[in-house]
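Trainee: Could we go through this structure together? I would like to learn what the terms rest on.

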Amino acid sequence: MPPSTKSKVLIVDDDHYTRTLLDRLIGKSADVRLAADGAEARKLFTAEDFNLVLMDQRLPADNGIELLREFRARRPRLVSILMTGYADVREAVAAVREGVFDYLNKPFEDLETLEAVIGKALELDRAYREIDDLRARLGDGTPAVIGRSPAMEQMLGQVRQVAGLDTTVLLEGESGTGKDVVAKLIHAWSPRAAKPFMEVNCGALPESLLESLLFGYEKGAFTGASVASAGYFEKANGGNLFLDEIADMSPKLQSNLLRVLQDHQCMRIGSTQPRQADFRLICATNRALAGEVKAGRFREDLFYRINVVAVRLPPLRERAGDVILLATHFLEHFNAKFGKSCGPLTPAAVRMLEAAQWPGNVRELQHCIERAVALHPGGPIDTMHLCPGDVPPAVGAAQSETTSGPAAYEEARALFERDYLKCILDAAGGNVSEAARLSGIPRQNLYVRMKRWGVVTDQ
């Protein structure tokens, strides 16, 4: 479904008032279809592709959970919300285990909160569809750079422009922003794509080993050189050479690299015969090279040589809207890798991921999802799976049966809401206004709920 088209939402409820309310609420921004029973819902679901299904749990002649299970057999990643006027904590747990995005009680207490939940559900559906679209477009093996935020669109626009030019590119960005992936993308989009792509991390190797790797060596050039070996300058002939963390390169190798770039020739260690070096250089750094030049740690002439076209990769905190798209991609990747079936992300998990600052950027998010999938037996990913040490045990106790039997509904709801409020306030740094924005709960209502459950903040 193209991003420009309206989302399609199917509302299934035998109560006329509920259907009308939701139609008016959602119809402002989405195409809505209404069904009063299971038979009508089946016809509509067969005829159209829906982004979201809001399903009443009890329908005439049908059970909502069973009907959603039937729909999911045809659309495994269908995003759905279950509604009920007969709240039961065991039914809520069963619905979540079935992969329902959220479980809402009728009558709805807060329409703004309801609207926020629906918005998050539609965002998750968009993430699923964009991942599918990426896979379809990248079936040729092109590296996947995932993101739809304005910052990423601007960066990718620069990459598209520079990829076709035979000029040196400097990728700047914090650790974990994906500079290596962008370098591969430049290679894939360049006229040199059919030729080799060689990459080396300048900060991961000692000077002598990096020198022999780049320049190659002749037989007998040093102890252990039993055969001649071509270096990366030669191996990248006709293609692209990617030097990651170039700021870590020693002064000696900086000088040698400058000479190669000036003469387009290189010389193996132990040889007097220059060899042609026809490659396009792509460099990356997580430091400000201009500052390194001022500090005397990086050659000024080499800086000007490699700083022909600089592309800045935005940190994850500047990529509004990309966190859930990336998290969904990593969730599917690690499900396939580990042979698991974890997910979807719950609304609380979505809010937690979006509220985090991610100082380690995309790499940190990737490790977070990998850990969650590795340690989770299966089913929805909630906040306690993303940061198990930060969630009070009461949350788990409220959502599962214990040896003494299931908690009463009001007790379970109180435990969940109290712990959720603590979690969202922590994510907002204790700022109630920010917590209200993150949770989708109006500020005054948030204060009322905090007071009801005895949740306090220092701010």
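Trainee: Where is the place of E245?

Mentor: E245 sits in the loop between β12 (240–244) and α10 (251–263). Helices and strands here are DSSP runs, helices being H or I with at least four residues and strands E with at least two, numbered from the N terminus. Before we go on, keep in mind that this is a predicted model, where local features need pLDDT of at least 70 and side-chain atom pairs count only at pLDDT 80 or more, while totals for chains, interfaces and linings use all residues. Residues are numbered from 1 along each chain as its sequence is written, and side-chain values use heavy atoms, with hydrogens and water left out.

Trainee: Why is E245 called buried?

Mentor: Buried means under 20% relative accessible area, exposed means over 50%, and partly exposed is in between (1.4 Å probe, protein chains only). E245 has 13% relative accessibility, so E245 counts as buried. E245 also has a positive phi of about 50° although it is not a glycine.

Trainee: Which other residue has a positive phi, near 55°?

Mentor: That is W358, again a residue other than glycine. W358 is in the loop between α14 and α15.

Trainee: What makes W358 buried or exposed?

Mentor: Its relative accessible area is 7%, so W358 is buried. S190 is buried too, with a relative accessible area of 7%. S190 lies in the loop between α7 (179–188) and β9 (197–201). Leaving aside residues up to four places away in sequence, S190 touches A163, N240 and R280; contact means heavy atoms within 4.5 Å.

Trainee: Which residues of α15 are buried?

Mentor: They are N361, V362, L365, C368, I369, A372 and V373.

Trainee: Why are the buried residues of α15 said to line one face?

Mentor: Looking down the axis, they fall within an arc of 125°, so they line one face of the helix. The arc is that of the directions from the helix axis to the C-beta atoms. An α-helix has 3.6 residues a turn, so residues three or four places apart point the same way. The partners of this buried set are α13 (322–338), β17 (342–345), α14 (347–355), β18 (379–381) and α16 (383–386).

Trainee: Why are α13 and α15 called oblique?

Mentor: Their packing angle is about 45°, with the axes 9 Å apart. Axes are lines fitted to C-alpha atoms, for helices over the stretch in contact, and angles run from 0 to 180 degrees between N-to-C directions. Angles under 35 degrees count as roughly parallel, over 145 as roughly antiparallel, 65 to 115 as roughly perpendicular and the rest as oblique. The pair α13 and α15 is therefore oblique. Residues making the contact include F330 and F334 of α13, and L365 and I369 of α15.
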